[in-house]
Amino acid sequence: MTTPAESAGSSGHALEMRGITKIYEVGDDEVVAVDHVDLIVASQEIVALVGPSGSGKTTLCSIAGGLLSPTDGSVVVAGQEISGYSGRQLTEFRRASVGFVFQTVNLIPFLTARENLLVVDEIGPRLGRAARDRADQLLSELGLADRAANLPAQLSGGQKQRVAIGRALMNDPGLVLFDEPTSALDSSLGDQVVHLIRDEMKARGTAAIIVTHDDRITHYADRTVTIEDGRITG
Amino acid sequence: MTLALREMRRRPGRFAIATVILTLIAILLMFLGGLLDGLVASSTGAFRSQQADLLVYSTSSRNSLERSRITPEVRQQVETVPGVARVGGLGSVQLGGRVPGRGPRDLVPTVLFGYELASRGLPAMPPAMGTVYADDSLRASNVTIGTTIHLGPARSAVTVAGFVSDTRYSGQGTLWGSLDTWRQVLNANRPDARVGPGVVQALVVRSGPGGTTGLPARIGQATGGAATALTIAQAIDALPGVAQQRSVFNQIIGVTVVIAVVVVALFFALLTVERTALYGVLKAIGSSSRTLFAGVVLQAVIVALIASLIGIVASLVLDALIPPGTIPFVATPVRLAASAVILVVAAVIGCTFSLRRVLRIDPAAAIGGTP
């Protein structure tokens, strides 16, 4: 298993996006969701990606994480040029090299907290004991050791979000992508989660892109990137 | 795979409806199959029990035992055909039997067979005149060893010396005696069908070491086309109603299987729709469509196996509870296993309809990355 710093690649960047364009065909029309965007995220850097709804921030985040392929441009994550990857290669890339934390948490409801982390191991070449040890370690570090056997329905909103963060960190990625991680949380819980994200990312030296509307996150991020109409404006 | 199994263990209620419906289908499938086997068994036992390779009918009978007559001359011609090892006469007559202890009009439908070459379970030497072996299904009609049955309008008496199993014919219990007994009973009760000395309805032929290859054709040639030789399987297929029974039941079974496919297809399609968000997340974190679909197939197979297991137990219980001689139902291991395999295959086919849906789930949708 590589460390996040190692997986940042020879350039020292966790992510390099150059000339990224994403065009959707909607009926007979073409919608330019992302328009010639350049974005570089250094290893260990936390970037807040902000912008109004429909500005293209989630599309950009999806391209960075290998969920979408760009129509044009180059994406290098942890030294891997992924813009030309096939669907199968992207699946493998996502499993091994990036972490995701989704807006609606999306834990698997019939799995315990520990099993939700171990899903990452179960869907790939299984590491067995090493994966179980890592899951236990992450749960402990996230303050969830005593909740390992609880189902998501038995966890609070903050605890669920912490489990989701643990799942995103299971494969020890160089880059974690957060999609509106505090949007479903109340103010104090949102604060806790923001702290947690910053602490966990910094402690592990993991780069992160956080798609958000939440001002608190922009204050905790190393850099804020604003996107409007598919273009980076600041 | 582990995920699919855990879901079934932790959320059994989610699969309850499909399991119940498939169980009912499994029971129906096995019951229909058991009825078909029972009906066919009760129609064909006399032929299936033959320890022979061929049955020879007169060509003019058009493969009907009842219409067929083989004269001693034709028999002699058949005996001389190269490859024929042994030949025995066979005759039958369907008559109502009066059994002591039953009302005078409460006749037991029976078929009296006269034989020379013993079929399975019969003594090699046919019993003495007026003595017969009875199919054990006749026990349900108060027939025991020593019972004298009076056959037909002439009330020809035959006494039961023992029992044989699985030799029913045309749905009726059979009696097995010598050709002389058969001729006497036939001539006394069916004047329209009387036969002379040496005449039989069919010949039972055992082939030599060379087997039956070319033997039917040689028998046809040797008899100048007067006789037609059929394998036992062909003779069974030629029995009135057997092919029709098989066809009708197999069509009903086929429709039941199609219903099973549709049930599984609809259930897992619905389940897949419910799981779209979950599959989106799993794909986003690196699960392949193949892994997800394998989980769906595994769940369908497990549901089908549980349904089959319950169906098998229900069929065995039913088989044990049905009184002999009432419903022609037989639960055979081959039928039960075949029904289980068919149901599992139907389940796999059914859930393949979800494959396209699983493939089309876009992982980007998990974080709202597509418009």
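How many residues of domain 1 of chain B are in contact with residues of domain 2 of chain B? Eight residues of domain 1 touch ten residues of domain 2. Keep in mind that this is a predicted model.

Let me place those two domains. In the domain assignment of chain B, domain 1 is made of residues 2-44 plus 242-367. Domain 2 covers residues 65-237. Their C-alpha centres lie 45 Å apart.

Now the domain 1 side of that contact. Two elements of chain B give two or more residues to it: α2, residues 12-48, and α7, residues 242-274. The largest share comes from α2(B), with four residues.

Next, the contact between the chains. Chain A puts in 27 residues, and chain B puts in 23. On the chain B side, the elements that give two or more residues are α1, residues 2-10, and α8, residues 276-284. By class, that side of chain B holds twelve nonpolar, seven polar and four charged residues.

The largest nonpolar core has 109 residues.

Take Ile209(A). What is Ile209(A) in contact with, leaving aside its neighbours within four places in sequence? The list is Val41(A), Val47(A), Leu49(A), Cys61(A), Ala64(A) and Leu177(A).

Look for it in strand β1 of chain A, residues 13-26. Why does Arg18(A) count as partly exposed? Because it has 14 C-beta neighbours inside 10 Å, and partly exposed means between the exposed limit of 12 or fewer and the buried limit of 20 or more.

Who does Arg18(A) touch? Setting aside neighbours within four places in sequence, Arg18(A) is in contact with Asp38(A), Gly73(A) and Ser74(A). Ala203(A) is another matter. Arg18(A) and Ala203(A) are 185 residues apart in sequence, and their C-alpha atoms are 28 Å apart in space.

Methods
Residues numbered from 1 in each chain as written. Chains lettered and ligands numbered in written order. Predicted model: local features only at pLDDT ≥ 70, side-chain atom pairs only at ≥ 80, totals over all residues. Core = buried A, V, L, I, M, F, W, Y, C linked by C-beta atoms within 7 Å. Contact = placed C-beta atoms within 7 Å. Domains from an automatic or database assignment. Nonpolar A, V, L, I, M, F, W, Y, C, P; charged D, E, K, R; others polar.
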